[in-house]
Amino acid sequence: DFVNAILDAKEKQDYGLIAENIPYLKYLGLTVEPDEKVGMIFHIPENKKFTGNPVLPALHGGVVGAFMESAALIHLIINQEVERLPKIITFTTDYLRSARVTDLYAEAFITKPGRRVVNIRVRAWQEDRSKPVATANANFLVSE
């Protein structure tokens, strides 16, 4: 299952195992790469089937949002002790500019680690890390 795949990847420190075991992440082509600055970077490669607006062309907003939500959840499970799958309370996405149909990256930060609720910020970008295409704020329930 999802949590066990992530916990196994965490134990082996091989985050590539995550996408291999979760069908939607495998469909997206999501990878998790180590990063000295923030610990890990999430990535989905260019894929024309994720085009939402062919006129621009731009990635579908749902793909961007789902990618960022997945990054938040994986980051939480890897960086905090959890015994069960955290439940999402809220997930708010701010789309700052059109995401072109090219590689998309994200980083996540725990802004408030709590015993019951954890708050996470996510930032997604394309070529330039300092120019995000979207940001998100997520709250997860980690214990009842």
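A salt bridge is defined here as a side-chain nitrogen of Lys or Arg within 4 Å of a carboxyl oxygen of Asp or Glu. The model is predicted, so local features need pLDDT of at least 70 and side-chain atom pairs count only at pLDDT 80 or more, while totals for chains, interfaces and linings use all residues. Residues are numbered from 1 along each chain as its sequence is written, and side-chain values use heavy atoms, with hydrogens and water left out.

**First stop: charged pairs**

Select arginine 100 and glutamate 127, whose closest N and O atoms are 2.3 Å apart in a salt bridge. Arginine 100 is in the loop between strand S5 (87-95) and S6, and glutamate 127 is in the loop between S7 and S8, so the pair ties together parts that are 27 residues apart in sequence. Helices (H or I, at least four residues) and strands (E, at least two) are DSSP runs, numbered from the N terminus. Arginine 100 is partly exposed at 40% relative accessibility, whereas glutamate 127 is exposed at 58%. Buried means under 20% relative accessible area, exposed over 50%, and partly exposed in between (1.4 Å probe, protein chains only).

Next, select aspartate 35 and arginine 129, which meet in a salt bridge of 3.5 Å, N to O. Aspartate 35 belongs to strand S1 (residues 31-35) and arginine 129 to the loop between S7 and S8, 94 residues apart. Arginine 129 is partly exposed, with a relative accessible area of 23%.

Then move to helix H1, where aspartate 8 and lysine 12 are four residues apart, or about one helical turn. Their salt bridge has its closest N and O atoms 3.4 Å apart. Aspartate 8 is partly exposed at 30% relative accessibility, and lysine 12 is exposed at 51%. The structure has eight salt bridges by this rule.

**Second stop: aromatic rings**

The structure holds three aromatic pairs. Select tyrosine 27 and phenylalanine 50: the ring centres are 5.5 Å apart and the planes stand at 70 degrees, so the pair is edge-to-face. Rings of Phe, Tyr and Trp (its six-membered ring) pair if their centres lie within 6.5 Å; planes under 30 degrees apart count as stacked, over 60 as edge-to-face and the rest as tilted. Tyrosine 27 is in helix H3 (residues 23-28) and phenylalanine 50 in the loop between strand S2 (39-44) and strand S3 (51-53), so parts 23 residues apart in sequence are tied together. Tyrosine 27 is partly exposed at 43%, while phenylalanine 50 is buried at 3%.

A nonpolar core is a set of buried Ala, Val, Leu, Ile, Met, Phe, Trp, Tyr and Cys residues joined through side-chain atoms within 4.5 Å. Select Ile18, Phe42 and Val122, which touch the most other members among the 44 residues of the largest core. Elements giving two or more residues to this core include helix H2 (16-21) and strand S7 (117-125). H4 gives the most, with 11 residues.

**Last stop: glutamine 80**

Select glutamine 80 in the loop between H4 and S5. Is this residue buried or exposed? Glutamine 80 is buried, with a relative accessible area of 16%. The residues that glutamine 80 touches include Lys10, Ile110 and Val142, not counting residues up to four places away in sequence; contact means heavy atoms within 4.5 Å.
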